[in-house]
Amino acid sequence: MSKVAVVYWSGTGNTEAMANAVVEGAKERGAEVSVFGPSEFNAGMVADFDAIAFGCPAMGAEVLEESEFEPMFTDVETVLGGKRIALFGSYGWGDGQWMRDWVDRCNAAGAKLISEALMINETPDDNGLSDCNALGSMLG
């Protein structure tokens with residue numbers, strides 16, 4: 001059984017809805033899934049999981065949420081080498097620069113992205129939630 005962590009921050013509930021669908025998809029594949037907010041997860045926990053999905057919406061000038069998520073991710077990215085990860089998040093403006101920057105950081109850390117990062121504009125519809133579920137199944 002695969003152990004999967006889903007670590008996310010959500011301000012409006014859009015990324016939370018995405019995270020719930022990722023969790024569902026991983027569980028459907030038989031994974032043991034643990035869900036964390038950014039203040040509950042740290043670099044010392046990364047080795048406990050076979051795969052990790054990180055979710056964060058675009059904030060401000062297309063950056064990760066700065067008070068909780070960014071400090072946590074800065075901590076964990078130092079130990080992501082070889083780890084299977086997935087990235088997801090919602091956005092309401094811009095063209096996805098925050099996600100491209102985030103993918104670059106993960107690649108520089110040596111993480112193994114299991115698929116393209118998943119971005120959804122605003123509230124995820126049924127197709128978006130299906131995509132999130134599929135992302136979760138790739139982690140399981």
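The model is predicted, so local features need pLDDT of at least 70 and side-chain atom pairs count only at pLDDT 80 or more, while totals for chains, interfaces and linings use all residues. Residues are numbered from 1 along each chain as its sequence is written, and side-chain values use heavy atoms, with hydrogens and water left out. Helices (H or I, at least four residues) and strands (E, at least two) are DSSP runs, numbered from the N terminus.

**Two helices side by side**

- Helix α2 covers residues 69–76 and helix α3 covers residues 97–109; the two pack at an angle of about 25°, with their axes 11 Å apart.
- Axes here are lines fitted to C-alpha atoms, for helices over the stretch in contact, and angles run from 0 to 180 degrees between N-to-C directions.
- α2 and α3 are therefore roughly parallel to each other; angles under 35 degrees count as roughly parallel, over 145 as roughly antiparallel, 65 to 115 as roughly perpendicular and the rest as oblique.
- On the α2 side, the contact is made by F69, E70, F73 and T74, and on the α3 side by W102, R105 and C106; contact means heavy atoms within 4.5 Å.
- Sorted by type, the residues of this contact between α2 and α3 are four nonpolar, one polar and two charged.
- In that sorting, Ala, Val, Leu, Ile, Met, Phe, Trp, Tyr, Cys and Pro count as nonpolar, Asp, Glu, Lys and Arg as charged, and the others, Gly among them, as polar.

**Aromatic rings**

- A pair of aromatic rings is described by the distance of the centres and the angle of the planes.
- Rings of Phe, Tyr and Trp (its six-membered ring) pair if their centres lie within 6.5 Å; planes under 30 degrees apart count as stacked, over 60 as edge-to-face and the rest as tilted.
- Searching the whole structure turns up nine aromatic pairs.
- In one of them, the rings of F36 and F41 have centres 5.3 Å apart and planes at 50°, so the pair is tilted.
- Both F36 and F41 are buried; buried means under 20% relative accessible area, exposed over 50%, and partly exposed in between (1.4 Å probe, protein chains only).
- The rings of F73 and W102 have centres 5.7 Å apart and planes at 85°, so the pair is edge-to-face.
- F73 lies in helix α2 and W102 in helix α3, so this pair ties together parts that are 29 residues apart in sequence.
- F73 is buried, with a relative accessible area of 0%, and W102 is buried as well, with 1%.
- Ring pairs join F36, F41, F49, F54, F69, F73 and W102 into a cluster.
- K3 lies over the face of F49, 5.5 Å from the ring centre; a charge sits over a ring if NZ of Lys or CZ of Arg is within 6 Å of the ring centre and within 35 degrees of the ring normal.

**Buried residues to look up**

- M99 sits in helix α3 and counts as buried, at 3% relative accessibility.
- Not counting residues up to four places away in sequence, M99 touches L87, F88, G89, A117, L118 and M119.
- M99 and A117 are 18 residues apart in sequence, with their C-alpha atoms 7.2 Å apart in space.
- P57 is in the loop between β3 (51–55) and α2, and at 8% relative accessibility it counts as buried.
- Leaving aside neighbours within four places in sequence, P57 is in contact with W9, T15, V63, L64, E65, G89, S90 and W98.

- G81 is found in the loop between α2 and β4 (84–91) and is exposed, with a relative accessible area of 53%.
- Not counting residues up to four places away in sequence, G81 touches A109, G110 and A111.
- S34 belongs to strand β2 (residues 32–36) and counts as partly exposed, at 24% relative accessibility.

**Positive phi values**

- E62, in the loop between β3 and α2, has a phi near 55°, a positive value in a residue other than glycine.
- E122 also has a positive phi, of about 60°, although it is not a glycine.
- E62 is buried, with a relative accessible area of 11%, whereas E122 counts as partly exposed, at 39%.
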